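User: Please examine the aromatic contacts of the structure shown here.

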Amino acid sequence: MDLVLAAADQHLLTPYVYPAGWPEAEPCRQLLSLFAITNLGALALYLLFGTLSYYFIFDHELKKHPQFLENQVRREICYALRSLPWISVPTVALFFAEVRGYSKLYDNIEDSPYGWAGVFLSMLSFLFFTDMGIYWIHRGLHHKLFYKRFHKPHHLWKIATPFASHAFHPVDGFMQSLPYHVYPFLFPLHKVTYLGLYIFVNVWTISIHDGDYRVPRALRHIINGSAHHTDHHLYFDYNYGQYFTLWDKIGGSYKSPTSFEGKGPHDYLRKLREKDQGASNGLQASKTE
């Protein structure tokens, strides 16, 4: 995050926002700047990619599903916008620790223990580490001690849209993001790679709420996509994972998505249309007689 902070200081904050005598490395200034950057960045990622996904990927037919709530899209967005600033508070504390040099983030490829191969391996290990962490945190949030208070608000959206992706209770949202922030304090990671992964995980979170259940057949039971996560929203005790199905299989919580078996939300809507059409045809026939 120090790369983003340095760019913001150079091009905006130092010349146009802060008094000339306030040093860039002063802790209070860094905290204030990180809070603004984190909130603006999260808001931009959420609204930009959520909007693109909603208009170009999300199947709007799903809004006709009986479990799609009235004014749901507006409610999802409002809930997310209220939660993001609170989620950012502990997040900024971790970013501040990174900026002050307490993490294992590094600037140059030469600083990687294994060069470019180390950068590539760190990307894979980041995905597997965070997938494992999120699985257990997410599953823990379903425990009766925590679910009603913290995680239940996210399950209001049975048929989610991309805008439900960040519509969490603040505690829930931060806890499920914690593995992303913990990783660079435990393992070496290139700073630009970290920023790229941070954007990726936000986009991925949006994608598993986009209602597009298409996955290459060979990866259907490996990648945790929108079909898997939709069943998590609908059936509660299944598919806690973020990217992969590995930990759900290990933990006994894996469920083959109903949409892959002809029993998903789209199939339910199709059956409703066929039923309505049949009733309409029957009524028309009775009138003819």
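**Aromatic contacts**

Analyst: In this predicted model, the charged end of Arg220 sits over the ring of Phe260, 4.4 Å from its centre. A charge sits over a ring if NZ of Lys or CZ of Arg is within 6 Å of the ring centre and within 35 degrees of the ring normal. The model is predicted, so local features need pLDDT of at least 70 and side-chain atom pairs pLDDT 80 or more, while totals for chains, interfaces and linings use all residues. Residues are numbered from 1 along each chain as its sequence is written, and side-chain values use heavy atoms, with hydrogens and water left out.

User: How many aromatic pairs does a search of the whole structure find?

Analyst: Rings of Phe, Tyr and Trp (its six-membered ring) pair if their centres lie within 6.5 Å; planes under 30 degrees apart are stacked, over 60 edge-to-face and the rest tilted. Across the whole structure, the number of aromatic pairs found is 20.

User: What kind of pair do the rings of Tyr18 and Trp22 form?

Analyst: The ring centres of Tyr18 and Trp22 are 5.1 Å apart. Their planes stand at 75 degrees, so the pair is edge-to-face.

User: Is Tyr147 buried or exposed?

Analyst: Buried means under 20% relative accessible area, exposed over 50%, and partly exposed in between (1.4 Å probe, protein chains only). Tyr147 has a relative accessible area of 15%, so Tyr147 is buried.

User: Which residue lies over the face of Tyr254?

Analyst: The distance to the ring centre of Tyr254 is 5.2 Å. The residue over this face is Lys249.
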